[in-house]
Amino acid sequence: MREIEVFTDDRLKAWCIHCGSVIADIESNRDHVPTKSLLTKTLRKRGADYDSGAGDEMDYLPQVIVCRRCNSRFSPDENYLLCVLHAVIAGSLYPDPTKHPEAAIILRSNRHVVRSLKRRPDGQLLLFENLQPFTLFPDTDKIRRVIVKNARGHAYHEIGEPLLEAPDHVAFVPLEQLSREQRDSFETVGTGAELSVWPEVGSRMTLQLFNEEAMVGGWITVEPGRYRYSIDWSDAVTVKTVVWEYLATETRWER
């Protein structure tokens, strides 16, 4: 992605978007949205180079200023979601390192997460047709917290709107479990002339709307095959994401 200089009202940047604390009064740092661990190691390295002033202009990774306490608080849940995704894609909590080297390393380094996934009696069945039946019992609260964290960050990053309240709706499901009609509806995003309400003046999204190459079908791609997101603010503020072209999420704040 390319970094865009924004001109949103500085008064909207005064608080941590997660806890509402005044940024000027607390320790703060930059939080990447989406969670960096969901991206490939290559892109994470390019993003770090860009942050240090050595990268290409297209190596920028979306980030927002939040309080350090909140940033640290999300780390265990982000790590948990990463383990769940790797296990699902590999089809095992103990993947073959020759076939799934990254998954094997991540899961081997997080045995406590593996044990918790094996213990939980409630959860959801996550399957791919070409894999042996494989059941995971993820903690949906942990996953929901990461989804909301990223959704808040995307809304703030793109339309300059801090959403301090709890969302009115949070949903996530594997893409393959959506019917054709549900998939078409999910993939459709209102943009530009279809919208009666424009985003905050000077926000990234106002500039995106004048650059058709910045979005494809209303979706913003952080890394092909790894992460994309969309924002619709025509009525409610609705943030959709697709993680690894596997997990579809939708978070909505009613106005």
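1. Let's start with Asp-77. Is Asp-77 buried or exposed in this predicted model? Its relative accessible area is 7%, and because the cut-off for buried is under 20%, Asp-77 counts as buried. Its side chain does have a partner: Asp-77 makes a salt bridge with Arg-145, and the closest N and O atoms are 2.7 Å apart. Asp-77 belongs to helix α3 and Arg-145 to helix α6, so this pair ties together parts that lie 68 residues apart in sequence. Arg-145, for its part, is partly exposed, with a relative accessible area of 37%. As a reminder, side chains of opposite charge can pair when their charged atoms come close.

2. Helix α3 covers residues 75-90. How many of its 16 residues are buried? Twelve are, so the helix is largely enclosed by the rest of the structure. Among the buried residues are Tyr-80, Leu-81, Leu-82, Cys-83 and Val-84, and the list also includes Glu-78 and His-86.

3. Here is a check you can follow on α3. At 1.5 Å a residue, its 16 residues should span 22 Å. The C-alpha atoms at its ends are 23 Å apart, which agrees.

4. In helix α1 (residues 41-51), Asp-49 and Lys-45 are four residues apart, about one turn of the helix. Their side chains meet in a salt bridge of 2.9 Å, N to O. Asp-49 is partly exposed, at 25% relative accessible area. In helix α6, Arg-144 and Asp-141 are three residues apart, again about one helical turn, and their salt bridge is 3.0 Å, N to O. Both partners count as partly exposed: Arg-144 has 30% relative accessibility and Asp-141 has 42%.

5. The structure holds 13 salt bridges.

6. Next, the surface. Which residues gather in a patch of positive charge? They are Arg-108, Arg-111, Arg-115 and Lys-118. Helix α5 (residues 111-119) supplies the largest share of the patch, three residues. Arg-111 is found in this helix and is partly exposed, with a relative accessible area of 34%.

7. There is a nonpolar surface patch to find as well. Trp-15, Val-22 and Leu-164 make up this patch of about 230 Å². Where does Leu-164 lie? Leu-164 is in the loop between α6 (140-159) and β5 (169-174). With 37% relative accessibility, Leu-164 counts as partly exposed.

8. Finally, visit Arg-69 in helix α2 (residues 68-73). The cut-off for exposed is over 50%, and Arg-69 counts as exposed because its relative accessibility is 61%. Arg-69 and Cys-19 are 50 residues apart in sequence, while their C-alpha atoms are 9.4 Å apart in space.

Terms used:
Residues are numbered from 1 along each chain as its sequence is written. This is a predicted model: local features need pLDDT of at least 70, side-chain atom pairs count only at pLDDT 80 or more; totals for chains, interfaces and linings use all residues. Side-chain values use heavy atoms; hydrogens and water are left out. Patches are made of residues with over 30% relative accessible area and no salt bridge: like charges are joined within 9 Å, nonpolar side chains (Val, Leu, Ile, Met, Phe, Trp, Tyr) within 5 Å. Accessible areas come from the Shrake-Rupley method with a 1.4 Å probe; for residues, only the protein chains shown count as cover. A salt bridge is a side-chain nitrogen of Lys or Arg within 4 Å of a carboxyl oxygen of Asp or Glu. Lys and Arg count as positive and Asp and Glu as negative; His and the chain ends are not counted. The place of a charge is taken as NZ of Lys, CZ of Arg, CG of Asp or CD of Glu. Helices (H or I, at least four residues) and strands (E, at least two) are DSSP runs, numbered from the N terminus. Buried means under 20% relative accessible area, exposed over 50%, partly exposed in between (1.4 Å probe, protein chains only). The expected span of a helix is 1.5 Å times one less than its number of residues.
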